Every structure is written in structure tokens, then in C-alpha cells.
Amino acid sequence: MNDVTPIALPDDRILRVHAGHAAAPIVVEVTRGSMVESVHRVIAAVTDAAGKPVMAWGDIDRLVYGRSAIKPIQALPVLESGAADAFNLGEDEVTLCCASHSGEAMHVDRVNAWLGRLGLSAEDLECGPQIPTHEASAHAMLAAGEKPTRAHNNCSGKHSGMLTTAVHLGEPTKGYIRDEHPVQKRLRATMQEMSGCDLSGVPTGYDGCGIPVYGVPLKGMATAMAQFADPSRLSPDRAAATRRIVAACAKHPLLIAGTGRFNSAILGETGEACLLKSGAEGVFAGAVPGQGYGICLKTDDGNGRAASTAMGAILRHLGVIDDAMAQRLADKLVQPVHNWEGRLVGHVRPAPDLAF
């Protein structure tokens, strides 16, 4: 994947999504009682590893920030550099490199132990402290009078991977989230190579965990994920790294997200037939190794519930989720809406006229 495609930018270099954008034909409905109360619109691309679109909904050339959906791509340098083997990272820690975890003990304890092997601590992480998104863990923390640490941040595994690479290569650990640090330069180069897109001059910003983000065409991110499904175009070292990531995440589905989470539930059913990763602002990415496809989607309004529902519909259509799995995952594919008394009052569902 050495060839890159220049990306045309508008003159003001600011990308905006306009209301009623014609490029969002997947509709996810939110019902309440007998009425559709809300709708979310989603653009999506399914491509092969050569970048050829297999299925598309909307403007798949639109630039989007990958956010946490591209963490499997960002984990590649940890393995390719030799850092993972130098510090004996297990499959659980490789999975945490890709995780947006819920801050449960199974996540935080592993991150702290990992950092200890590096001679570091949670204070060396440059992501901010975050209270667990797992409700029971958050209540337990508050009841004990404890405060969240940087290890509780949902991105602490990714950041631990970055620190592992920096330590292994003799680079400064301080400032590893800055644009000019070798860690971030490697991540940008890796994304460019995997997507086949020239990222020079694209819009940039900063993620919730502090690292740089950059605009990539939606189909480019799908192409990057397709390399995990069909690594035949990659170097032997990179191909081995993609396979290792797919296997690790399949073995530890609860570590990539957490208890009750869509991402973990799907991976728990599909195993190595699917690599799946959610991101903020309604971005979702996946790879289907059995078919050689990569998937990326983005909700226009940034809503995560719609992103999960749309991804579930695509995976169902591709046959990654079969009939038996669909029955077990029923409340993930069509999400129930409950009121505060726990009464079922509606659903989040793909629009009935969704066409494939």
C-alpha cells in the first residue's frame, strides 16, 4: 500500500456537514410507541483491500476523523517495532492497545501491571483521568471515596502501547502525544500506508485522549480496515501484525469495550470472523477476514446508538451474524428503549426500507 491518492479540500479547509446532506441514505429510526420519534442518517462504505467499494451508502469520499475506530491501525507499530515482544505483551494487552474500555477492574488492573513492567505508572499516561463508563464500577469508586486515574481513561491501553513503543525505541516518554513526537509520526504514516491516502494538508484536530486526529476519506478508512481482512498486499511483518491483532481481539472481546457493550457482544459471537471497533462521534470500523472486506461508517449527527445499529445491519447482511447469532444478539441489533421505570417504550432500529 505505497500508492496514495491526493485529497481535494475546500478553499476554506473547513469541512461542514449540512443539514439534509444527500449523502446519508442509511436511516436509523428511533421509535416511541407507534411513532418514529427521531431519525439518524449514516454514511457507510464496504471496500476490498484494493480500495474498491463493494457497497456504499452516501458520500464515501467525505473526510471524517477516525477517532477510536482506528485503534487497531494505531496498534500496528507496537507489534511491528518489536516492542510488544520485547516487553512480552500478551494477547490481552494487544487487545487493550485497540480498546475503548469501560474502566472496569479487568481493564484498569491490566493497564497498571503493564505500565509497571515498563518502569512507568499511570501518571506517565498523557490521557486525562476519566470516571468508568461501566456504571457499577463508577458507583463502587464513588462509594469508596476514590478518584479516577489516567489508567481509568478508556484510551489507557492505546496510550500504554504508545509508551511501550517509545521505551523500546529509546524515545522520550514525555510528550508522546504531540504531533512532532516520533510515536505520532509513525501513527500518521501507518494510516497513510494502510488507507492509500495522502494525508498531507488534511484537516487536523485533537482526540478526546489528546493525540492528533486527521481527516481521512471514509472509503480510505474502510480500505485500511480491509488490510486486516486481506493482508496479502502488506509486508510480511505488517501482515503478521494484522493477524495477531484479529486473533487477540477475538480471544478477549470484553477487553476491547466492556460488559454489556455492543462491540464486545458482537466479537464474543463472531470470533475471528470479524474485527470491530467503535469510535466517538458515531464512527464505526470493522474488518471481515472471511470475505476480505473492510467497513467504515459515520453518523451525520455523531450518535453512537445509530452507528451500532447500522453496523449490526451491515454485518447481518454480509452473513457475519447468522440467524442463530441474531437471536442471541437481538437487543444489540434492535436496541430497546426503556423509560426510568424499566418499561419498554420503543426501539432503535434500521429503517424498514434499508436496501443492500
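Helices (H or I, at least four residues) and strands (E, at least two) are DSSP runs, numbered from the N terminus. The element names in the legends below follow that numbering. The structure is a predicted model.

**Figure 1. The loop between β7 and β8, with E281.** Strand β7 covers residues 275-279 and strand β8 covers residues 283-288. E281 is found in the loop that joins these two strands. Its backbone phi is positive, at about 60°, although E281 is not a glycine. The relative accessibility of E281 is 46%, which lies between the 20% and 50% limits, so the residue counts as partly exposed.

**Figure 2. The loop between α3 and α4, with N88.** Helix α3 spans residues 83-86, and N88 is found in the loop between this helix and α4. N88 is another residue that has a positive phi without being a glycine, here with a value of about 55°. N88 has a relative accessibility of 61% and therefore counts as exposed, the cut-off being over 50%.

**Figure 3. The whole protein chain.** The chain has 15 helices and 11 strands. Along the principal axes, its C-alpha atoms fill a box of roughly 60 × 55 × 40 Å. The radius of gyration is 20 Å; a compact globule with 356 residues would have a value near 21 Å, so the two agree. Of the 356 residues, 55% count as buried. The chain exposes about 15,000 Å², and carbon and sulfur atoms supply 50% of this area. Among contacts with a separation of 6 or more, 65% are accounted for by residues 24 or more positions apart.

**Figure 4. A99 in the loop between α4 and α5.** Helix α4 comprises residues 91-97, and A99 is placed in the loop that leads from this helix to α5. With a relative accessible area of 0%, A99 is buried, because the limit for that class is under 20%. Leaving aside neighbours within four places in sequence, A99 is in contact with K71, N154, C155, L255, I256 and K277. A99 and A113 are 14 residues apart in sequence, and their C-alpha atoms are 16 Å apart in space.

**Figure 5. N154 in the loop between α6 and α7.** Helix α6 is made of residues 135-143, and N154 has its place in the loop between α6 and α7. N154 counts as buried because its relative accessibility is 18% and the limit is under 20%. When neighbours within four places in sequence are left aside, the contacts of N154 are K71, A99, S100, H101 and Q130. K71 is also on the contact list of A99.

**Figure 6. G128 in the loop between α5 and α6.** G128 has a relative accessibility of 30% and so counts as partly exposed. Not counting residues up to four places away in sequence, G128 touches R150 and N153. G128 and N303 are 175 residues apart along the chain, with a separation of 23 Å between their C-alpha atoms.

**Figure 7. Packing of helices α5 and α7.** Helix α5 covers residues 105-117 and helix α7 covers residues 156-168. Their axes come within 10 Å and cross at roughly 10°. The two helices are therefore roughly parallel to each other, a class that takes angles under 35 degrees. On the α5 side, the contact is made by V111, W114 and L115. On the α7 side, the contact is made by S156, G157, S160, G161, L163 and T164. By class, this contact has 4 nonpolar, 5 polar and no charged residues.

**Figure 8. Packing of helices α8 and α9.** Helix α8 (residues 182-195) packs against helix α9 (residues 218-229) at an angle of about 85°, and their axes are 7 Å apart. Because angles of 65 to 115 degrees count as roughly perpendicular, α8 and α9 fall in that class. Helix α8 contributes M191, M194 and S195 to the contact. Helix α9 contributes G220, M221, T223, A224, Q227 and F228. The residues of this contact divide into 5 nonpolar, 4 polar and no charged.

**Figure 9. E29 in strand β1.** Strand β1 is formed by residues 26-32, and E29 is placed in this strand. E29 counts as buried because its relative accessibility is 12%, and the limit is under 20%. Apart from neighbours within four places in sequence, E29 is in contact with V36, S38, V39, H347, V348, R349, A351 and P352.

How values were computed: Residues numbered from 1 in each chain as written. Predicted model: local features only at pLDDT ≥ 70, side-chain atom pairs only at ≥ 80, totals over all residues. Heavy atoms only, no water. Buried < 20%, exposed > 50% of the residue type's maximum accessible area, 1.4 Å probe, protein only. Contact = heavy atoms within 4.5 Å. Axes fitted to C-alpha atoms, helices over the stretch in contact; angles between N-to-C directions. Parallel < 35°, antiparallel > 145°, perpendicular 65-115°, else oblique. Nonpolar A, V, L, I, M, F, W, Y, C, P; charged D, E, K, R; others polar. Rg over C-alpha atoms; globule rule 2.2 N^0.38 Å. Areas by Shrake-Rupley, 256 points an atom, 1.4 Å probe, with all protein chains shown as cover.
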